[in-house]
Amino acid sequence: MPHPVQDFNQSVIEEFRANHGRVGGPFEGGRLILLTTTGARTGTPHTTPVGYLPDGGDRILVIASAGGSSRHPDWYRNLVAHPQVTVDSGVFTYEARAEVLRDEARDQAFARAVEADRGWAAYQEKTDRIIPVVALHEIPRPGPPHINATSPGQALKAVHDAFRHELALIRREMATGGSTLGAQLRVNCLTFCQGLHNHHTGEGAGIFPFLADRHPESRPAIDRLHAEHEHIAALVEELRRTLAADDTTAVPAEVERLTTELEAHLTYEEEQLIPLLDRT
């Protein structure tokens, strides 16, 4: 017999995988992962689309709301029994360790979520259970990250598009956030800054020298890209300082400036590097 929830989840999973994490419907424009857990009773893998919150560093947060149901979602019971899970962001796939947040850590994280989206509070009001918040800590692995792509050029474009998507979400959140700079929005900005820094550091140490060695004609373009990295790093640092100063009037302007400069940089980098990467 067809199961409506399972059928809906499967359609989201297929759309997610076909579009590097972009989906329509109720998840459109949001932050979504595919979370694969091990069945608490069966031991078999189960994949579920789950919304998440950036939390800086090497972890993200997921909230076991189940739409305000009186019962924890299956994926939550699974990860309590088997804390090692697999996370698919649409671009990256990695193993993670699940940690159920307790007491003050849970309350602070949930308050951030509510400040960013009142819907979380509505779910809590519908149920007597305390809705759990779970931190998913990425488990380090040797070598480069696993990117869901079939070629090096496609991998670069997928990573760039993930930055574009996240920056678009941050800009939208700022536009709808009123006159205050919420705690979760601040975390989103800082997480984005750290991710961009890590990406550019990896390019500077790996892809750029690799291509310059094999394609000497590309060195002028790579020199320009190095210079653009330094320029964008300065913009990121200025955004960090503005966030630290809690200057709510200046932060949107800094985000817009970074968006303009970064979009031009990403486009130029794709034009110059994707043909070389796929040829190599």
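## Burial and the basis of the model

A residue is called buried when its relative accessible area is under 20%, exposed when that area is over 50%, and partly exposed in between. The model described here is predicted.

## Cysteines

The whole structure was searched for disulfides, and zero were found. C189 takes part in no disulfide, and the nearest cysteine sulfur, that of C193, is 6.7 Å away. Since a disulfide requires two cysteine sulfur atoms within 2.5 Å, the sulfur of C193, at 6.7 Å from its closest counterpart in C189, is too far for a bond.

Is C189 buried or exposed? C189 counts as buried because its relative accessibility is 1%. C193 is buried as well, with a relative accessible area of 0%.

## Salt bridges

Side chains of opposite charge can pair when their charged atoms come close. In this model the count of salt bridges comes to 21.

R59 and D55 meet through their side chains, with 2.5 Å from N to O; R59 is partly exposed, at a relative accessible area of 24%, whereas D55 counts as buried at 15% relative accessibility. E125 is joined to R118 by a salt bridge whose closest N and O atoms are 3.0 Å apart, and both of these residues are exposed. The side chains of E254 and R257 also form a salt bridge, at 3.0 Å from N to O.

How are E254 and R257 placed relative to each other in helix α8? They are three residues apart in this helix, which spans residues 251-279, and therefore are separated by about one helical turn. E254 counts as buried at 14% relative accessibility, while R257 is partly exposed at 40%. Elsewhere, salt bridges link K157, D161, R164, E263 and E270 in a network.

P49 belongs to strand β2, residues 45-51, and counts as buried at 8% relative accessibility. Beyond its neighbours within four places in sequence, P49 is in contact with N9, V12, I13, F27, L32, I33 and L34. P49 and D88 are 39 residues apart in sequence, and their C-alpha atoms are 9.5 Å apart in space.

H137 lies in strand β7, residues 133-138. Its relative accessibility is 13%, so H137 counts as buried. Setting aside residues up to four places away in sequence, H137 touches D58, R59, E95, A96, R97 and E99. Among these contacts is R59, the partner of D55 in the salt bridge described above.

## Helix α5 and its surroundings

Helix α5 runs over residues 152-176 and has 25 residues. From its first C-alpha to its last it reaches 37 Å, close to the 36 Å expected at 1.5 Å a residue. The buried residues of α5 are G153, A155, L156, A158, V159, H160, F163, E166, L167, L169, I170 and M174. What covers them includes β3 (53-54), β6 (92-100), β8 (146-147), α6 (183-214) and α8.

In soluble globular proteins, nonpolar side chains tend to be buried together. The largest nonpolar core in this model has 23 residues, and those with the most contacts inside it are M174, F192, L196, L239, V251, L258 and L262. The elements giving two or more residues to this core are α5, α6, α7 (219-244) and α8. Of these, α5 gives the most, with six residues.

F192 shows how residues meet in this region: beyond its neighbours within four places in sequence, F192 is in contact with F163, E166, L167, I170, L258 and L262.

Q184 is located in helix α6 and is buried, with a relative accessible area of 2%. Which backbone oxygen lies 3.0 Å from a polar atom of the Q184 side chain? It is the backbone oxygen of P54.

Leaving aside neighbours within four places in sequence, the contacts of Q184 are L53, P54, R112, E115 and A116.

Key
Residues numbered from 1 in each chain as written. Predicted model: local features only at pLDDT ≥ 70, side-chain atom pairs only at ≥ 80, totals over all residues. Heavy atoms only, no water. Buried < 20%, exposed > 50% of the residue type's maximum accessible area, 1.4 Å probe, protein only. Salt bridge = Lys/Arg side-chain N within 4 Å of Asp/Glu carboxyl O. Helix = DSSP H or I, 4+ residues; strand = E, 2+ residues; numbered from the N terminus. Contact = heavy atoms within 4.5 Å. Expected span 1.5 Å × (residues − 1). Core = buried A, V, L, I, M, F, W, Y, C linked by side-chain atoms within 4.5 Å. Polar contact = N/O pair within 3.5 Å; in protein donor to acceptor, adjacent residues only side chain to side chain.
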